[in-house]
Amino acid sequence: MRYSLRISLIEVCVYLTMFGYWYNLPVISTTIFGGYNEFRIYDFTFLALTCLLIKHRSLKMIFFTIKSDASLKYIYWFAVWASIMTLPTLVFVALRGNFVYAGMTIMFLYHLWGYILLAAVILTYYDSVTVVPLIKWFLVLSTLHLLLYYLQVSGTIGHLWAQQYIDAYGENAFSGTLGPNRITPGMMAFLGLIISLFILINRFNSKLLRIIAWVNIFLAIPAIFMIGSRTTFITVVLFVLFYLLLYRIRLIPVVVILIPLFIIFYNQGLNQKQKDRITTNIEWNKRKLLRGEKLDDLTIIEGYENIGSNRVQIIEKYVPFLLDHYYILPVGFGFNNRIIASSTGAASAHNVYLSLLNEVGFIGLWLYISWLFSYIVTERKRNKLIPHYRGKGLITSLVLAMIISLMAGEHLYVYRPCFAILGTFLFVITVMGLFELPLRTDEDSELK
């Protein structure tokens, strides 16, 4: 069931939240919740959305939407379990006297619920017609941010983040208004690219929107190379492979032909600083991968060890740590309770599945995996109802690529370096899902 959006303040909050996803810079800086957890735009819009829904007695409707949706219900129950498992974390940090970490944990939990809330609001109040302006807003923000990143690489604009971030991630970690960890601008560019492909494949009627989509794609591809996030690059490659092999195998020759044309186009269009940044990233990763060896002499495991930034070493310590504490595996040590794993040399496993086992146990891990796979199951069911749907396979390919890439990252979670990637992913996959549903009837559009 869908409802018409007649509460303008809710719509304002939705648009401001989307702006906040692309503008991660702090609005208010404080150390109350940990040095890196300043208040951002979406911290205020999540609260405003909640208050408005309470005022208009719509929370019940929102919870109905969440619990009746094939995918949101799993991430909802995951958030419920994470909320329960926040209690042991708070007890643990209280005993250690680390109250700043307690505040940080509460903020992470707040963001998790906020991301789910926005997706539920969109699913409740929007349909495939009314959501188009919101998609346009998202894509305009994505494109403007890519332009900002290009200006930074060109030297026109400098760092926008405080010195503590530059010290943590390096002088070359340009990311515009997004979190300075490379994976944040990388994944956000990738999600913008996904929406752009969705618009072009579905042949949206808006000519302006299609033009913005093309511009976004042409800007995003070299930007991903300039950003240099290996996890993002692998995710993009996996997405393309899944989409072509499973759904568009006839397009493979076309893609092979387009690759050299794109290289020629970008070689002419990019300035020298931008080209140098791509070359530097490629050469640096090549040296890191080969380590003086020849490519033919490397095994896949050796290659992963070379380029994985000590991820193999972390896993080699993290897995025994979990096995030594097998008694806690059913429920975990507590949401965001990474301090307890510090003996491994890395509080975060750089593998979301291992991190979830540590924090929320098998129960949380099962809910999280169920949430991801539910999109694939749902799309398969919808494809049977709408066999000629043009966007077929985009959601499945996106989710499969994410499932694999999460073995080397935690980008679809609430940790500090990820900022709003999880919220953006939920937005992207939710709005694409709206177009796989039949249009609502006039009776269904009544706000109840």
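Guide: Contact here means heavy atoms within 4.5 Å.

Visitor: Which residues is T396 in contact with?

Guide: T396 is in contact with Y247, I376 and E379, leaving aside its neighbours within four places in sequence. This is a predicted model, where local features need pLDDT of at least 70, side-chain atom pairs count only at pLDDT 80 or more, and totals for chains, interfaces and linings use all residues. Residues are numbered from 1 along each chain as its sequence is written, and side-chain values use heavy atoms, with hydrogens and water left out.

Visitor: Is T396 buried or exposed?

Guide: T396 is buried, with a relative accessible area of 4%. Buried means under 20%, exposed over 50%, and partly exposed in between, with a 1.4 Å probe and protein chains only.

Visitor: Which helix is T396 found in?

Guide: Helix α17, residues 394–405. Helices are DSSP runs (H or I, at least four residues), numbered from the N terminus.

Visitor: New topic. What does Y368 touch?

Guide: Y368 touches F78, V352, Y353, L356, L406 and L412, not counting residues up to four places away in sequence.

Visitor: And the largest nonpolar core, how many residues has it?

Guide: It has 134 residues, and Y368 and F425 have the most contacts inside it. A nonpolar core is a set of buried Ala, Val, Leu, Ile, Met, Phe, Trp, Tyr and Cys residues joined through side-chain atoms within 4.5 Å.

Visitor: Which helix gives the most to this core?

Guide: α6 does, with 16 residues.

Visitor: What in α1 meets α6?

Guide: I10, V14, T17, M18 and Y21 in α1 meet Y115, L118, V121 and Y125 in α6.

Terms used. Helix = DSSP H or I, 4+ residues; strand = E, 2+ residues; numbered from the N terminus.
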